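Trainee: I have a structure to go through with you. Could we take it question by question, starting with the contacts?

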Amino acid sequence: MLHVDLSRVRFVDVAGVTDLAVTAQRLPEGQRIVLHRPPAQVPRTLELFWPGLAAIEVAA
């Protein structure tokens, strides 16, 4: 499991969220990325373009 602290990040554009999603999709089965305190647009963008992507978990 990879933990990413985004608490100090104010904005992530679609290209950045795409990089996170593609990286998560390439992880070995059973592995995932946990995003801690991402900016509000990150979970919205993930849900819009990659609904149900189990390899990324958003933690508040």
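Trainee: Among contacts between residues at least 6 apart in sequence, what share joins residues at least 24 apart?

Mentor: Keep in mind that this is a predicted model. Take the contacts in the protein between residues at least 6 apart in sequence. Those that join residues at least 24 apart make up 68%.

Trainee: In what order do the elements run from the N terminus on?

Mentor: Start with the count: the protein has 2 helices and 3 strands. Read from the N terminus on, the order is β-α-β-α-β.

Trainee: What radius of gyration does the protein have, and how does that relate to the globule rule?

Mentor: The globule rule gives 10 Å for 60 residues. The protein comes close to that value, so it is as compact as a globular protein of that length. The C-alpha atoms fill a box of roughly 30 × 20 × 15 Å along the principal axes. The radius of gyration itself is 10 Å.

Trainee: Which element gives the largest share of the largest nonpolar core?

Mentor: That core holds 14 residues, and Leu35, Leu46, Leu53 and Ile56 touch the most other members. Two or more residues come from each of α1 (14-25), β2 (33-36) and α2 (41-49). The largest share is 4 residues, and the element giving it is α1.

Trainee: Which residues does Leu46 touch, leaving out those up to four places away in sequence?

Mentor: Leu46 is among the core residues that touch the most other members. Leave out residues up to four places away in sequence. The partners of Leu46 are then Val17, Ala21, Leu35, Pro51, Ile56 and Val58.

Trainee: Is Thr45 buried or exposed?

Mentor: Thr45 sits in helix α2. Beyond four places in sequence, Thr45 touches Val14, Val17 and Trp50. The relative accessible area of Thr45 is 12%. The cut-off for buried is under 20%, so Thr45 counts as buried.

Trainee: What distance separates the C-alpha atoms of Val9 and Pro39?

Mentor: Val9 lies in the loop between β1 (2-5) and α1. At 32% relative accessibility, Val9 is partly exposed. Val9 and Pro39 are 30 residues apart along the chain. Their C-alpha atoms are separated by 6.7 Å.

Trainee: How far apart are the centres of the positive and negative side chains?

Mentor: The protein carries 6 positive and 6 negative side chains.

Trainee: What part of the accessible surface belongs to carbon and sulfur atoms?

Mentor: Of the 60 residues, 33% count as buried. The accessible surface comes to about 4,200 Å². The part belonging to carbon and sulfur atoms is 54%.

Methods
Residues are numbered from 1 along each chain as its sequence is written. This is a predicted model: local features need pLDDT of at least 70, side-chain atom pairs count only at pLDDT 80 or more; totals for chains, interfaces and linings use all residues. Side-chain values use heavy atoms; hydrogens and water are left out. The radius of gyration is taken over C-alpha atoms; the globule rule is 2.2 Å times the number of residues to the power 0.38. Buried means under 20% relative accessible area, exposed over 50%, partly exposed in between (1.4 Å probe, protein chains only). Contact means heavy atoms within 4.5 Å. Accessible areas come from the Shrake-Rupley method with a 1.4 Å probe; for residues, only the protein chains shown count as cover. Lys and Arg count as positive and Asp and Glu as negative; His and the chain ends are not counted. The place of a charge is taken as NZ of Lys, CZ of Arg, CG of Asp or CD of Glu. A nonpolar core is a set of buried Ala, Val, Leu, Ile, Met, Phe, Trp, Tyr and Cys residues joined through side-chain atoms within 4.5 Å.
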